[in-house]
Structures are given as structure tokens and as C-alpha cells.
Amino acid sequence: VYKRQLNSFSTALMIAIGRTWQNLMVSVVATNAKLRERTVRILREAAELEDSAARELLEQTGGDLKAAIVSSLGEVPPARAAELLEAQDGSVRNAIAAAHGASQGGPA
């Protein structure tokens, strides 16, 4: 019972602080081969990309999964995605919204 409550609490916390996108944990620091493969899988699922496109985008972002997601879904270059994430305190959702707002002439 306690483990379920703790899992629910930690999941809610991760969502609240912007470490998830949809139902995926996106604050993964790929420090080994297993985690690098996980970032590819998460990016493929989040952005509906083919394996090769996901790998290429992760390479362009230096392995930064959040920046890769924002770049793909926000339709901005990787460097701009990183800027948007920084401006939005690491929130993928807010960075994508800002990317779409900026591309439509709205505030970044």
C-alpha cells in the first residue's frame, strides 16, 4: 500500500515539475548505452519519429532528450529548443507552447 502511494506521489511530483511529457519520463540523463537506447525509444514514441531520425536529432542536441522533443514537436532548431527549455525552467510542455507561439508571431 505504501509503495503504491509513494509511486503516485512521485509521479504527480514529476508531472508538476515538468519532468514528463505525456506518460513518458523525459528527464533522462543518458550516461550509458542502456540509457541512450531508452532516450531513443522515448523520443521515437513522443515525437512519432523513425529510429534513424530520433538518433540523428539526439545527436544534434548532444543527447538532450528534452531539447530533442521540443525541437521536433515545436518545429524549431535544436539550439532554439535548448533556449526555450532554459527560458521555461526545463518544462517541455511550456517550451513547445512557446515555440508555437513564437512561430505564430506571439510572445516567446
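## Position of A68

A68 sits in helix 4, which spans residues 65–74. The model is a predicted one. A68 has a relative accessible area of 0%, so A68 counts as buried; the cut-off for that class is under 20%.

Leaving aside residues up to four places away in sequence, A68 is in contact with L43, L57, L58 and T61. E56 is twelve residues from A68 in sequence, and the two C-alpha atoms are 9.6 Å apart in space.

## Helix 4 and its ends

The buried set consists of L65, K66, A67, A68, I69, V70, S71 and G74.

At the N-terminal end, helix 4 is capped by D64, with a side-chain oxygen of D64 lying 3.1 Å from the backbone nitrogen of K66. The residue that follows helix 4 is E75, which has a positive phi, near 55 degrees.

## The nonpolar core

The largest nonpolar core contains 26 residues. Within this core, the residues with the most contacts are V26, L43, L65, I69, V70, L84 and V92. Two or more residues each come from helix 2 (33–47), helix 3 (51–60), helix 4, helix 5 (78–87) and helix 6 (92–103). Helix 2 contributes the most to the core, with six residues.

As a general background, nonpolar side chains in soluble globular proteins tend to be buried together.

The whole structure holds four salt bridges. One of them joins the side chains of E37 and R55, at 2.8 Å from N to O. E37 belongs to helix 2 and R55 to helix 3, so this pair ties together parts that are 18 residues apart in sequence. E37 is partly exposed, at 42% relative accessibility. R55 is partly exposed as well, at 34%.

A salt bridge also links the side chains of R44 and D51, with an N to O distance of 3.2 Å. R44 has a relative accessible area of 33%, which means that R44 is classed as partly exposed. D51 is in that class too, at 31% relative accessibility.

## One network

Which residue forms a salt bridge with D51 at 2.6 Å between the closest N and O atoms? The partner is R55. D51 and R55 are four residues apart in helix 3, so about one helical turn separates them. Through shared partners, the salt bridges join E37, R44, D51 and R55 into one network.

In general, an α-helix has 3.6 residues a turn, so residues three or four places apart point the same way.

Conventions
Residues numbered from 1 in each chain as written. Predicted model: local features only at pLDDT ≥ 70, side-chain atom pairs only at ≥ 80, totals over all residues. Heavy atoms only, no water. Buried < 20%, exposed > 50% of the residue type's maximum accessible area, 1.4 Å probe, protein only. Contact = heavy atoms within 4.5 Å. Core = buried A, V, L, I, M, F, W, Y, C linked by side-chain atoms within 4.5 Å. Polar contact = N/O pair within 3.5 Å; in protein donor to acceptor, adjacent residues only side chain to side chain.
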